[in-house]
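Dear colleague,

Please find below the structure that I am handing over to you.

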Amino acid sequence: MLFVATCTDKPESNALRLETRPAHLAYLNGLGAKVKAAGALLTADRKSVIGSLLILEGDELAEIETMLTQDPYAQAGLFANVDIKPWRQAVGAPLE
């Protein structure tokens with residue numbers, strides 16, 4: 001099953017994001033095919049990062065929660081909020 005995670009950064013946390021980014025990317029790459037898509041959420045002017053959006057595959061919500069709590073961004077305390085929802089793709093190239 002697919003899940004969408006929206007992770008909102010704490011205010012004034014860009015330095016922490018940049019410092020932790022290499023470990024975060026290595027962690028996500030290590031999850032292999034479980035990561036269907038991931039990237040930064042931007043401000044309207046596209047000049048600042050305000051969070052992350054991830055589409056992840058797992059058997060149940062608890063598995064996704066565990067993946068996200070083990071992410072170096074989460075362990076560094078970057079996120080003010082993490083919202084996870086089950087997701088069903090309707091259009092576009094299949095995320096297989």
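A pocket is an open set of grid points with protein on both sides within 12 Å along at least five of seven lines, and its lining residues have an atom within 4 Å of a point. Please note that this is a predicted model.

The pocket

The largest pocket has a volume of about 250 Å³. Its lining is made up of 17 residues; Arg 21, His 24, Leu 25, Gly 39 and Ala 40 are the ones that lie nearest the centre. Two or more lining residues come from each of H1, strand E2 (35–42) and E3. The largest share is that of H1, which gives eight residues.

The nonpolar core

The largest nonpolar core has 15 residues. Among those with the most contacts inside this core are Ala 5, Leu 54, Ile 64 and Leu 68. At least two core residues are supplied by each of strand E1 (2–9), helix H1 (14–30), strand E3 (49–57), helix H2 (61–69) and strand E4 (79–87). Which residues does Leu 68 touch, not counting residues up to four places away in sequence? They are Ala 5, Leu 54, Leu 56, Ala 74, Val 82 and Ile 84.

The aromatic pair

The count of aromatic pairs comes to one. Tyr 73 and Phe 79 form this pair in an edge-to-face arrangement, at 6.0 Å centre to centre and with 90° between the planes. Both Tyr 73 and Phe 79 are buried.

Key. Residues are numbered from 1 along each chain as its sequence is written. This is a predicted model: local features need pLDDT of at least 70, side-chain atom pairs count only at pLDDT 80 or more; totals for chains, interfaces and linings use all residues. Side-chain values use heavy atoms; hydrogens and water are left out. A nonpolar core is a set of buried Ala, Val, Leu, Ile, Met, Phe, Trp, Tyr and Cys residues joined through side-chain atoms within 4.5 Å. Buried means under 20% relative accessible area, exposed over 50%, partly exposed in between (1.4 Å probe, protein chains only). Helices (H or I, at least four residues) and strands (E, at least two) are DSSP runs, numbered from the N terminus. Contact means heavy atoms within 4.5 Å. On a 1 Å grid over the protein atoms alone, a cavity is a set of points where a 1.4 Å probe fits but cannot get out, and a pocket is an open set with protein on both sides within 12 Å along at least five of seven lines; lining residues have an atom within 4 Å of a point. Grid points are joined across faces, edges and corners, and a volume is the space filled by probe spheres set on the points. Rings of Phe, Tyr and Trp (its six-membered ring) pair if their centres lie within 6.5 Å; planes under 30 degrees apart count as stacked, over 60 as edge-to-face and the rest as tilted.
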